[in-house]
Amino acid sequence: STDNTTGAIYKITPGGVVTTLGTTPINFGPRDLSIDNAGNLYSADWSGNTISKITPAGAVTSFASVGSPKSMVFDSAGNLYVSTNASTIDKVTPLGVVTVYGDMGTKISTGAPIAFDTAGNLFASAAYDYSISETTPTSATSTFNGGLYLNGGGALIFDASGNLYQTLYVGNQIAKFTPALSGSYFAAGLSSPVGLVFDTAGNLY
């Protein structure tokens, strides 16, 4: 959990005990968190144009400079992908080297939520285009909507079967796309849904 006013990163145990793991530079405004395979935590500090790295022991360092970073996700090789306010997706290697992985122009929303499937394809919410952008490992990019009106497309997540889910915070719905990218409305009547996460039993929160 993050504190947008102090830069604090909180650790909460299964028993609800809250401690401060580390503090990123004050007022940088953490926007997203992601963990690598070694247990290091990364914070997207959007107003400071920085990705901070926090070790399991709580040591905080500046990992990479990225313009207004928001959503983050790791690939299977340990590279970190970051969506920015410039409608780009930056790739950051384990050594902190930054390159532009995809420039979606005005199609993806600024700081678009992003997610990988098991084949290594990167998906990003393209709210301005009422669609979802897919970028293959060879950097070929296309968009789809699965036959749905994706009004206010937000968070993305895959289930264990490879189905993709997206929040529609304007439509108050959750959209679902099969691996063949056929779409349906999975849940409705929600109040401006934003975040998504699965538990081990397959329930979506």
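Does Tyr-149 count as buried, exposed or partly exposed, and at what relative accessibility? Tyr-149 counts as partly exposed because its relative accessibility is 48%; buried means under 20% relative accessible area, exposed over 50%, and partly exposed in between (1.4 Å probe, protein chains only).

## About the model

This is a predicted model, in which local features need pLDDT of at least 70 and side-chain atom pairs count only at pLDDT 80 or more, while totals for chains, interfaces and linings use all residues. Residues are numbered from 1 along each chain as its sequence is written, and side-chain values use heavy atoms, with hydrogens and water left out.

## The chain as a whole

Let us start with the overall picture. The chain has zero helices and 18 strands; these are DSSP runs numbered from the N terminus, helices being H or I with at least four residues and strands E with at least two. The C-alpha trace spans about 45 × 40 × 30 Å along its principal axes. The radius of gyration is 17 Å, which agrees with the value near 17 Å for a compact globule of 205 residues (taken over C-alpha atoms; the globule rule is 2.2 Å times the number of residues to the power 0.38).

Of the 205 residues, 44% are buried. The chain exposes about 9800 Å², with carbon and sulfur atoms supplying 54% of it; accessible areas come from the Shrake-Rupley method with a 1.4 Å probe, and for residues only the protein chains shown count as cover. Among contacts (heavy atoms within 4.5 Å) between residues at least 6 apart in sequence, 31% join residues at least 24 apart.

## A tyrosine patch

Back to Tyr-149, which lies in the loop between strand E14 (141-144) and strand E15 (153-158). Together with Tyr-130 and Tyr-185, Tyr-149 makes a nonpolar surface patch of about 330 Å². Patch residues have over 30% relative accessible area and no salt bridge, and nonpolar side chains (Val, Leu, Ile, Met, Phe, Trp, Tyr) are joined within 5 Å, like charges within 9 Å. A salt bridge is a side-chain nitrogen of Lys or Arg within 4 Å of a carboxyl oxygen of Asp or Glu.

Gly-154 is in strand E15 and counts as buried because its relative accessibility is 7%. Leaving aside neighbours within four places in sequence, Gly-154 contacts Pro-113, Ser-125, Gln-166, Thr-167 and Tyr-169. Gly-154 and Tyr-169 are 15 residues apart in sequence, with 6.8 Å from C-alpha to C-alpha.

Asn-163 sits in the loop between E15 and strand E16 (164-168), and at 11% relative accessibility it counts as buried. Not counting residues up to four places away in sequence, Asn-163 touches Ile-157, Phe-158, Lys-176, Phe-177, Thr-178 and Pro-179.
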